[in-house]
Amino acid sequence: MLELYHEWYTKRDYEQLDLFKTMADSFQVQSVLYPGSYVHISPSFFIPSACYVDKDQKANRFFKDIEGLTKEIQKRAAYQGPVCLKYYSQDYTKPIPEPEHSFDLLISQYAGFICQPCKRYLKHGGLLLVNNSHGDAGIAALDEEYQLCGAFNRRDGRYVYSERDLDSYFIPKKQNQDLRAHLLQTGKGVAYTKTAALYLFQLL
Ligand SMILES: C[S@@+](CC[C@H](N)C(=O)[O-])C[C@H]1O[C@@H](n2cnc3c(N)ncnc32)[C@H](O)[C@@H]1O
């Protein structure tokens with residue numbers, strides 16, 4: 001049942017288990033929205049309520065037997081109580097049937113621009129965990145509603161969290177007159193003087 005997950009995440013040492021454990025333990029995250037998740041269900045091992053969104057056919061098949069998948073996750077869940085799992089097979093830029101401002105955490109990794117269209121599902125005070133592979137972290141940094149509150153770097157195979165020198169992130173190496181438009185147009189992000197593997201923003 002989890003073959004595709006193991007193929008993409010376990011074998012590639014990209015489960016990110018310690019990262020999601022930190023999110024659950026240190027930030028009291030109880031619910032997560034993960035648009036463009038593919039089959040990356042690692043958050044569910046630590047966060048009781050998770051909602052995944054993807055339009056990929058393989059992901060759709062993976063999540064088809066959602067009850068069976070829920071039972072599999074329950075075997076590995078680090079928390080007491082039931083696993084709550086949802087999956088929407090759709091484009092995340094289109095509305096999803098979830099209440100606005102209801103999630104503790106929004107994840108954006110390698111799946112395009114998520115922080116803007118999905119912001120409305122994140123609680124005020126909730127957290128955005130985002131990398132800059134497609135420039136989404138750069139977009140969040142330009143959004144006054146998001147406040148950078150920390151950064152994760154990977155050291156010796158583990159994610160290390162820091163809140164130090166946050167002002168030194170998101171300083172572009174090259175000046176750009178309309179950075180936001182440039183980021184959205186290229187979908188690649190720009191080079192910054194200092195970077196992190198992942199950034200944590202709080203929605204004000
Ligand atoms: C490279 S994978 C990354 C998967 C996962 N986030 C990770 O870190 O391993 C990108 C995923 O985003 C999905 N995706 C990209 N744009 C999307 C959109 N607009 N709506 C739904 N899914 C999308 C793709 O189908 C694909 O499964």
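Predicted model: local features only at pLDDT ≥ 70, side-chain atom pairs only at ≥ 80, totals over all residues.
Let's start at the ligand: by class, its shell holds 6 nonpolar, 6 polar and 4 charged residues. Here Ala, Val, Leu, Ile, Met, Phe, Trp, Tyr, Cys and Pro count as nonpolar, Asp, Glu, Lys and Arg as charged, and the others, Gly among them, as polar. In total, 16 residues surround the ligand, and the closest are Gly36, Tyr38, Asp56, Gln109 and Ala111.

Residues are numbered from 1 along each chain as its sequence is written.

Now for the sheet. It is open and built from 8 strands in the order β3-β2-β1-β4-β5-β8-β6-β7, with mixed pairing. At its edges stand β3 (84–89) and β7 (158–162), each with a single partner strand, so one side of each has no neighbour in the sheet. On average, neighbouring strands are turned by 20° against each other, direction ignored. Strands (E, at least two residues) and helices (H or I, at least four) are DSSP runs numbered from the N terminus, and two strands pair if DSSP finds at least two bridges between them. Axes are lines fitted to C-alpha atoms, for helices over the stretch in contact, with angles from 0 to 180 degrees between N-to-C directions.

Let's walk along part of that order. β4 and β5 run parallel, joined by 5 bridges, and Leu106 stands opposite Leu128 in β5. Next, β5 and β8 pair in the antiparallel sense over 4 bridges, with Val130 opposite Tyr199 in β8. Strand β6 (residues 146–155) is also antiparallel to β8 (residues 198–203), over 6 bridges; there, Gly150 has Leu200 as its bridge partner. Helix α2 (residues 17–27) lies across β4 (103–108), β5 (122–130), β6 and β7, at about 35° to β7.

What does Leu148 touch, leaving out residues up to four places away in sequence? Its contacts (C-beta atoms within 7 Å, placed from the backbone) are Ala141, Leu166, Tyr169, Tyr199 and Phe201.

Definitions and conventions: Near = placed C-beta within 6 Å. Contact = placed C-beta atoms within 7 Å.
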